Amino acid sequence: MTVGEMLVATVPMARTLNLAFLETTAERAVVRLPDQAEYHNHVGGPHAGAMFTLAESASGAIVIAAFGDQLTRAVPLAVKAEIGYRKLAMGEVTATATLGRPVADVVAELDAGQRPEFPVAVEIRRADGAVTGEMTVVWTLRPNN
């Protein structure tokens, strides 16, 4: 099962919005939100909440891809998120997530008994390539007791 398939199976909101996980590696996650009238805002583009969920889902996908081998000893949790809406989004939008710290550094903190935190940067783009939003999600790996 791929990371995208696992997230669609276990995260109901990803299914609800029909998110498509196009790429899920430890280096990059790319997730698409199709153009769906039922999730539009008052100007006919994707609702801000749908774009937030898209970007947060992309961040979660890269976290699972990068730290999936740590899931037996730690749970990934989003600590905080900040999003900026830059341009009007219309039609389908795609979120691309990248890790803000090297995987080895995060795992080393976990090995040292710490609860590491790390940022994930996400860009949301329209089909024409214009950046419509930017999000940063800070994640942690909470060690299992």
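Predicted model: local features only at pLDDT ≥ 70, side-chain atom pairs only at ≥ 80, totals over all residues.

Trainee: How many bridges join strand 4 to strand 5?

Mentor: Seven. Strand 4 covers residues 93-99 and strand 5 covers residues 117-126, and the two run antiparallel.

Trainee: And what is the order of the strands in the whole sheet?

Mentor: The order is 1-2-4-5-6-3. That makes six strands in an open sheet, with antiparallel pairing.

Trainee: Which ones are the edge strands?

Mentor: Strand 1 (20-24) and strand 3 (74-85). Each of them pairs on one side only. From one strand to the next, the twist averages 20 degrees.

Trainee: What does helix 3 reach from its first C-alpha to its last?

Mentor: 28 Å. That is close to the 28 Å expected for helix 3 at 1.5 Å a residue.

Trainee: Now charges. How many salt bridges does a search of the whole structure find?

Mentor: Seven. One of them is Glu134 with Arg86, where the closest N and O atoms are 2.9 Å apart. This pair links distant parts of the chain, 48 residues apart. Glu134 is in strand 6 (residues 131-143), while Arg86 is in the loop between strand 3 and strand 4.

Trainee: Is Arg86 buried or exposed?

Mentor: Exposed, because its relative accessible area is 52% and the cut-off is over 50%. Glu134 has 32%, so it counts as partly exposed.

Trainee: Give me another pair. What does Arg28 form a salt bridge with?

Mentor: Glu23. Their closest N and O atoms are 2.7 Å apart. Arg28 is partly exposed at 37% relative accessibility. Glu23 is partly exposed too, at 27%.

Trainee: And Glu109?

Mentor: Glu109 forms a salt bridge with Arg101, with the closest N and O atoms 2.7 Å apart. Glu109 is partly exposed at 22%, and Arg101 is partly exposed at 21%.

Trainee: Last one. Which residues form a nonpolar patch on the surface?

Mentor: Val43, Leu88 and Met90. Together they have about 250 Å² of accessible area. Val43 sits in the loop between strand 2 (29-33) and helix 3 (48-67). Val43 counts as partly exposed, at 41% relative accessibility.

How values were computed. Residues numbered from 1 in each chain as written. Heavy atoms only, no water. Patch = residues over 30% accessible without salt bridge, like charges linked within 9 Å, V, L, I, M, F, W, Y side chains within 5 Å. Areas by Shrake-Rupley, 256 points an atom, 1.4 Å probe, with all protein chains shown as cover. Salt bridge = Lys/Arg side-chain N within 4 Å of Asp/Glu carboxyl O. Helix = DSSP H or I, 4+ residues; strand = E, 2+ residues; numbered from the N terminus. Buried < 20%, exposed > 50% of the residue type's maximum accessible area, 1.4 Å probe, protein only. Expected span 1.5 Å × (residues − 1). Pairing = 2+ DSSP bridges. Axes fitted to C-alpha atoms, helices over the stretch in contact; angles between N-to-C directions.
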